[in-house]
Amino acid sequence: MFLNTFLVVLTDLAAGLLGNGSFRRHFHLLLSCIVVFGPALSLWVSQYSVFAKRTHFLYRIFLRSGWGWTCIFTGSFIFLLSFSVRRSLYLSLRHLSRLAVAGGLWLAFRRLLDILENAAGSCYEPLATPPAGGAAPGPVGEPLLLLREGQSKAGCLGAGMLWRGYEVSEETFLLCLCCLLLAEETAVFGPYLSLGGASGAPLRILFLLCVLLLALWVFLLLCLLAYFPQFPKQLLGGALGCLSWRGLYQGWYRLGPSWYCPGRPGIGLLTSKTRAKEVGMN
């Protein structure tokens, strides 16, 4: 009894925060400020911290599979919420298709960035000693670099050579996109509860797991910016993530549900609850 009451109070508070209009309007600005000013934290954090090691289990388990974790928890929440309201598999699949669209966009951008990096970058092989008749050694402590043409970034790094070129941080891009996606998809739970929607323990637990995952992504984003600052790669990655969210949730999805658009979160769910409440009042 106590645990159920604690769960209800905790989820109601989280749903009220995520469903608040000011939070929804300004969360992307908060995320942008974190990306822009987050690297300044590197002046205060300790490089001996456990989070300063790429081998930390949070990076290995969650960051490397960030999109998978987001799909599992968010997809489960979306399906359970939509199916419990309308009992329509078609409606549930339509809402789940937003994850498929975001996943396809993520894969497309990864492929495009890989092509651009291979086209704009170059591979160099460090030389311990200059070749006979070659140029004089470089500055003290810096080995000479021999350009290797025709190498891809993956092949270059796999061979133990150096890659120089323009890059975009895929980790920052993914974390920003996942944070904004989670905030959008979970924001409907507050209005849903305010309309008297049924909310059993499984649905509330899934919602709470999504909130915890959102907090984890924000924390990992801060860790990356503070312990592994890479300007302007991370700034470009964050900008790309925010632009992807704006193009989907603030652009395309606003057109409404149709054969070419899945619609915004809550469409077809909150309206049905409103009608049910009106019928009950009459």
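Which residue forms a salt bridge with aspartate 12? Select arginine 204: its closest N and O atoms with aspartate 12 are 3.1 Å apart. (A salt bridge is a side-chain nitrogen of Lys or Arg within 4 Å of a carboxyl oxygen of Asp or Glu.) This pair links distant parts of the chain, with aspartate 12 in helix H1 (residues 2–18) and arginine 204 in helix H9 (residues 201–227), 192 residues apart.

Some ground rules before we move on. You're looking at a predicted model, where local features need pLDDT of at least 70, side-chain atom pairs count only at pLDDT 80 or more, and totals for chains, interfaces and linings use all residues. Residues are numbered from 1 along each chain as its sequence is written, and side-chain values use heavy atoms, with hydrogens and water left out.

**The whole chain**

Switch to the cartoon view: the chain has 11 helices and 3 strands. Of the 282 residues, 41% are buried. (Buried means under 20% relative accessible area, exposed over 50%, and partly exposed in between, with a 1.4 Å probe and protein chains only.)

Now colour by pLDDT, the predictor's confidence in each residue, from 0 to 100. The chain's mean is 85, and 89% of its residues reach 70 or more. Select residues 272–282 to find a stretch where pLDDT stays under 50; the model has 11 contacts for it beyond four places in sequence. (Contact means heavy atoms within 4.5 Å.)

The whole structure holds 7 salt bridges. Back at our opening pair, aspartate 12 is partly exposed because its relative accessibility is 35%, while arginine 204 counts as buried at 7%.

Next, select arginine 111 and aspartate 114, whose side chains meet in a salt bridge (3.5 Å, N to O). They sit 3 residues apart in helix H5 (residues 89–120), so about one helical turn separates them. Arginine 111 is exposed, at 53% relative accessible area, and aspartate 114 is partly exposed, at 28%.

Then try glutamate 167 and lysine 233, another salt bridge, with closest N and O atoms 3.1 Å apart. Glutamate 167 lies in the loop between strand S3 (162–164) and helix H7 (170–186) and lysine 233 in helix H10 (residues 233–249), so the pair ties together parts 66 residues apart in sequence. With a relative accessible area of 17%, glutamate 167 is buried; lysine 233 is partly exposed at 21%.

**Aromatic stops**

Show the rings: there are 15 aromatic pairs here. Why does the pair of tryptophan 69 and phenylalanine 73 count as stacked? Their ring centres are 5.9 Å apart and their planes are at 15 degrees. (Rings of Phe, Tyr and Trp, using its six-membered ring, pair if their centres lie within 6.5 Å; planes under 30 degrees apart are stacked, over 60 edge-to-face, and the rest tilted.) These two are 4 residues apart in helix H4 (residues 66–86), so they're separated by about one helical turn. Tryptophan 69 is partly exposed at 25% relative accessibility, whereas phenylalanine 73 is buried at 18%.

Select Phe77, Phe189, Tyr192 and Phe207 together, and you have one aromatic cluster.

Last stop: arginine 54 and phenylalanine 228. The charged end of arginine 54 sits over the ring of phenylalanine 228, 4.5 Å from its centre. (That takes NZ of Lys or CZ of Arg within 6 Å of the ring centre and within 35 degrees of the ring normal.)
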